[in-house]
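User: I would like to learn how to read a structure like this one, feature by feature. Can we go through it together?

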Amino acid sequence: DEQLVDINKDPLAATSVPPELLFPEVLANLSSVRTIEFAGANMHAQQWCGSGGTWLSRSRYVLGVPSVNNGWTTWYTTCLKNLSLVELLVESENPNNKYVIAQAKILEGFIYSNITQVWGDVPFTEAGNPVEYPYPQFDSQEIVLEGIVTLMDEALSILEQDLDSEIVTDSDLVFNGDREAWIRWANSIKLKMLMFIANKKPEEVASKIQALVDEPLILTNEQEAKFSYTTAIGNENPKWRFIQNYWGGNINLWYAGRPLVNLMNELNDPRLPNYFETNSNGFYVGKWQGATGFAVISKINANNVLPDTPDRYSTASETYFLLADAAANGYVSGGLEQANTWFVQGIQAALDYYDGTWGEISQTDKDNYIDSFPDLSTLTPEEALDYINDQHYISLFGNGIEAWNQWKRTKSVELDVPLNAGATDVIRRYTYSTNEAGSNINTPQGLTIETPMWYEK
Amino acid sequence: RVISGKVSDEQGMAIPGVTITVKGSTKGVLTDFDGNYSVTVNTGETLVFSFLGMETIEKTVGTSNVINITMIESAQTLEEVVVTAMGIERAEKTLGYGVSTVKSDDFTVARETDVIQALQGKISGVEITGQGGGLGASSKITIRGMTRIGGSNNPLWVIDGVPISDANDYTTSRITGAIDYGNRAQDINPDDIETLTVLKGASAAALYGSRASNGVIMVTTKKGKGKSTISYSTTMRFDSPLKLPDFQNIYGPGNQGSYDEGVGDNLQDASSGWGPVISEGGTYTDYAGNLQTFTSNPDLQKDFYALGATKVHSLSISGVSNKGLNDYRISTSYSSQEGIIPGSSLEKLNLSFKSGAQLFNNLSSNFSMNYVNTGIEGAVAQGTNDPNVLTGIINRLPRTTDISVFTPWINESGDAQLAAVDFDGTNNPYWIINENQRTSDTERFFGNVSLNYEPVKNISMLGRVGYDTYNTTHFSNKHKGTIGLLDGSYTENHISRKELTLDFLTTYDNTFGDFDLTLRSGVQWNERDWSTIGNKGIGLTIPELFDPGNVESNVPWKNYSKRRILGVFGDFTLTYKKWLTLNATARNDWSSTLPKGGNSYFYPSIALSFIFTDAFEIDSNILSYGKIRGNWANVGSDTGAYQLDFLYSPQSSFYGQFNTTGTFPFDGQLAFSGPNTLPNVNLKPENQANYEIGLELGFFKNRLTLDGTFYKNVTTDQIISLLVPASTGYSRAMTNLGQISNTGLELELGALIIRHKGFRWNLDYNFSTNETIIDELGEGIDTYTLASAFNGLLVGASEGESIGLYGNRFARALDEQGNPIEDMILVNSNGLRYEGDNARLGNVFPDFTMGLTSSFRYKGWTLSTTFNWKEGGVLYSNTVSTLRTSGLAAETAIDRETLFVDPNTFVSNGDGTYSENTTPIPSVQEYWTNYSANRIHESSVFDATYIKWRELGLSYNFNKKQLQKLPFSSLRIGVQGRNLAIFNTSVPHIDPETNLFGSGSNGAGIEYNGVPSTRSIGFNIQVKF
């Protein structure tokens, strides 16, 4: 009997591993969903426009049930599950390594921020605990956003202490174990979550936002939190791999979305040639989502989809625009003057992002562009916010999920209801994964893709 | 007096081995090889001539010294011996359970290369589904319904007493470009089969223990008999698509009736069939870049498919030697097939050797070995999201396409594709066929050695070693320049499987007065070991060099599993006066896959057979035979290897949609992951209880026979890898769960309708119905997913229902409770239907199946035909959905200009009330693209009922006289057709017998870019020397 049973040990798997070995799996999968699986978010933000196939479908709000399932399952199982295993492994192997737990918590919070920006109400408090909660409840977006803030606070309280703890370095593909960088990212994530909440409950969170102003935040392009793809085969940006596989690296089905192009044309934005190609007549022209006929429409500039184009998690310009927004709204002190300072710093960071790259913008162009804006302190708060949020929207080009949610939060630009989509409003959320709905009796019913997010005004 | 003579059959062929006894005495002789006999008897005594399968003849000795006898085949032989579990031979009369047996002729007359397909329509209680026209693709066989929603439902295959593998190996996911390389039961050479017996109930198979709960298919191979015979047969067969879609040939590519390259339209972006009227003579630039005038090509698909051809040569040499103490049979068979997909082929070589020897008086041995080599080229990919899915390309070409535009498909320097369809990554079909290989090569060996020792009278001991192993290599590549993977890639996967079975069996057999007693006990050791190792190389440097060193990145993988079962068993059989038989068996298994201490389980069975016609001495001309049988059994089973521990596994890749999967190490870093399936250290064995009752009746001297069976089986504590909410962190969790029951009725009718002057007309009919009900699923589980396909389409189980197809339906009006109202389909403000809830779309399995075989014989001629009827069940067809949304299906061309109001639809007033829809559709194109959209499954789900004309064969057996001048002792020629026609089907465009999932999955009822099934017509010659 002993001899019979003892063979039931898998020779190709381990019962315990060093926890840091789980980080690359989490990060690579997190970004694979963000960059290619949910590339349609660029169409939902109407910055990109699909001309055919899957991408035209995405423009028409055909989300692809497999994609929805993949995104949901990957983020909850592959990413969040492994992060909770990191915490378990640390506690069982070496409980002193609290920094590793903090890193895991920040990633966990960032992943939840993605999940709630796509789906709204999602399992949070009861998630990731199959024994106790086999059918997790869906928490309101309010609870999820507040929960992410709490996760950041927990992580920060660990990282801000000087502990005798190891930190994940080589397997940390975001910051290579830079503790300060993790602190900045946690604060930036916290700022963003608080700004979502502030849309609904400004009084309750204003002081928390104010407190963040003096905390370390991501304020330079070098400090940006990102997942860096490389030119090594198999490690390239999945969007590039996609176009490489199908069209030898040329962009074929991704064109300019109308609202973004119109806005940038109006502003004579120096980033136009970085974002788009001109059409055959030398103009930048966008398309109404869902329509066909792209002969005179601008394509996305292929330089935005290079092998080593990173997945940008949290950027410096985003921090500045959020701060400017907070100031203009009066959540933080300094009024519109302070808002203007951050506004200009935000544009500056967004334009400087291309320094030293294929898309470097000349100093003259940068200066002219920044000078073209009025001093926000001379405007009404509403007018100021309009400028801030338009710039924020423009700066998120290529970051589909962020751009789409920036629009949902601020409605700064007017988006079109797509043609041939059978829709009456702009998409606000994805339908729940059919796998989840089929196995979790607590999955909410009756939500449509047009149901607004909780945080929307 | 010495009486001599010759015994022959109706065709005049000598019958060796006929038993001739003198009635009332123990005296008896056998006919020799030439059918001659001589016997010493007294005048007035009666000679009884008997032979298995022939009607017994009595002849009183008169004045003549020569008595020649012509024996005729009996209508239905009830004295047959059946090979039962563990290779035990028992008289069918004494069996307490139903079995169905198919004999060698059924495999060789209309020779199928696939054993399972040859069973279509011939036996009750089994459901067989082919995979369409892909060469070498798997056939699924399920006996008495699905007993498990988690584990496998495939029966155990046993050859000459030894279990062999029927694994279905396929590459990649079932839904994305799956290539089905067949199931391994296909390795069995149909020419080697003597009998194939299906043990349907658990009672029949209880001696196999845990592996018996899905029934057992027992194959007994031919062995050498009589004088040395050389037998040769050849079959030549031609295959063509049985059913191609019904296309419209009026409208070309474009949108809303227009196609104008002046405003930017091009073939790549246009819909295939929503353009202008072809005959209006517009122009377009074809895939090769030439300006063409629209012309309709109605035979586009026909022109693409090739005429398939199959050639089979079989040779065997067999006989006995050493005065009948040794027997031998050597056989070889070579098949070569070319499929209807150009360039697809299958080659198979079978070699087998079987021999028995009486070593000493009380010691005999048997030896059997089989070698099979199967090579498949150009296997087809099904599903979607893979450049190699061919049917999807072919069906979606505009009706204006001249298939010759795709040749040549590669430029002269061989480095770029020509004439790509290029819509969403669609390649030139001939590029796929000619540049992208999909091959498999399988070598298999199976065989056994046994020793039978009889130390004393009534006791025999059998020791047997059985071994089955195969190695298969699957190879596929995407040539550099394949849209979807322009840099090229190749995938190579080696699978190796070994199974060792050791049996030791002791039998005690004796007769005490009216009682016949048989006692058996035995031990079985079974070890299965499976491994796979493979690599995907991405980015080829030199295009044709498929070597890990020639690619830019490699994603290697490796899997391994090993499991063991130890079983001890006993069998008790007591027969009283030949008419009452009680059979009880017991087996205990220990499995390596279950937790220590909980891995032992016991299976009892009991069966009773009562021949009431003999017991009550009913001897009427009407009722000639009557038997009642009943049984009960309880079996169970284990699970797969390594399901208990929580394991972290190294990762070599991370998934990316649209072929963007990336590799680890990432930036030099390795990656590990916890399990996706939550393991369970407390798993217990599954349990299945079986009840069966049957009635066998023979009328009019058994010219009419009836065999009816009612059964019920209940499976509890199923070991399931349960789909759990991903929000728990796991996709699945191992658990014991639920209860599923199958209740069914089987009926087999045999009739010899006419027997007159050498003319015989036999009819065989079978009927089966099986209802699978999920009695219990477990708390909180709404629907358990057995297999999922696309966009929410899935095969699932819900409590209180049968296995069903679930998918998205049209939106419907809601009643006050918020439930959809069935006949109130909603349309949007454009008058178009849209997607509503995800709900049950119907049962996957049929309500009943029937088979009818009729055969006429006249002298040497035999004309036989088989039909089978499958009633009920549903089928989702993606092909239909695609043909309709793309405007290519014939029905989309009807009234294309008419903007009708979708009848009987409603619009929501937004306040919970609804009014009748009065808005006409905006265009016929939008109507169909919404109605048949692939996100709405309801509109592409059809009643899967069909009647298929399976077989028609005409053969002629030359008689002795005709053969006198020929060097043969027997010659048979025949013509035959298979899958000749489909009737009574409401599934448009495709053959409803199809299954995306193949035999390795529990999925059914879904078609996705399947290859058309084939109709074949051929001829066959069989000679013996």
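Predicted model: local features only at pLDDT ≥ 70, side-chain atom pairs only at ≥ 80, totals over all residues.

User: How does one check a helix, and is α8(A) enclosed or open?

Analyst: The expected span of a helix is 1.5 Å times one less than its number of residues. For helix α8 (residues 179-198) of chain A, with 20 residues, that gives 28 Å, and the end C-alpha atoms are 28 Å apart, which agrees. For burial, count the other C-beta atoms (placed from the backbone) within 10 Å of a residue's own: 20 or more is buried, 12 or fewer is exposed, and in between is partly exposed. In α8(A), 17 of the 20 residues are buried, so the helix is largely enclosed by the rest of the structure.

User: Is T169(A) buried or exposed?

Analyst: T169(A) is exposed, with 11 other C-beta atoms within 10 Å. T169(A) lies in the loop between α7 (141-159) and α8 of chain A. Leaving aside neighbours within four places in sequence, T169(A) is in contact with N176(A) and G177(A).

User: Which domains make up chain B?

Analyst: Domain bounds come from an automatic or database domain assignment. Chain B has domain 1 (2-70), domain 2 (158-241 + 308-388 + 436-644 + 679-803 + 844-873 + 946-1024) and domain 3 (650-678). Taken over C-alpha atoms, the centres of domain 1 and domain 3 of chain B are 77 Å apart.

User: What is the strand order in the open sheet of four strands?

Analyst: Two strands pair if DSSP finds at least two bridges between them. The order is β44-β45-β46-β49 (chain B), with antiparallel pairing. At the edges stand β44 and β49 (835-843) of chain B, each with a single partner strand, so one side of each is left without a neighbour in the sheet. Strand β46 (residues 804-810) of chain B pairs with β49(B) over six bridges, and Y806(B) stands opposite R840(B) in β49(B).

User: How many residues lie between the strands of the hairpin of β50(B) and β51(B)?

Analyst: Two residues lie between them, and K859(B) in the turn has a positive phi of about 50°. Strand β50 (residues 848-858) and strand β51 (residues 861-871) of chain B pair in the antiparallel sense over 11 bridges, with W861(B) in β51(B) as the bridge partner of Y858(B). On to strand β56 (residues 946-957) of chain B, β51(B) is joined by 10 bridges, again antiparallel.

User: How do I read the two faces of a strand?

Analyst: In a regular strand the side chains alternate between the two faces of the sheet. In strand β12 (residues 140-143) of chain B, K140(B) and T142(B) on one side and I141(B) and I143(B) on the other are all buried, and both faces are covered.

Technical notes:
Residues numbered from 1 in each chain as written. Chains lettered and ligands numbered in written order. Contact = placed C-beta atoms within 7 Å.
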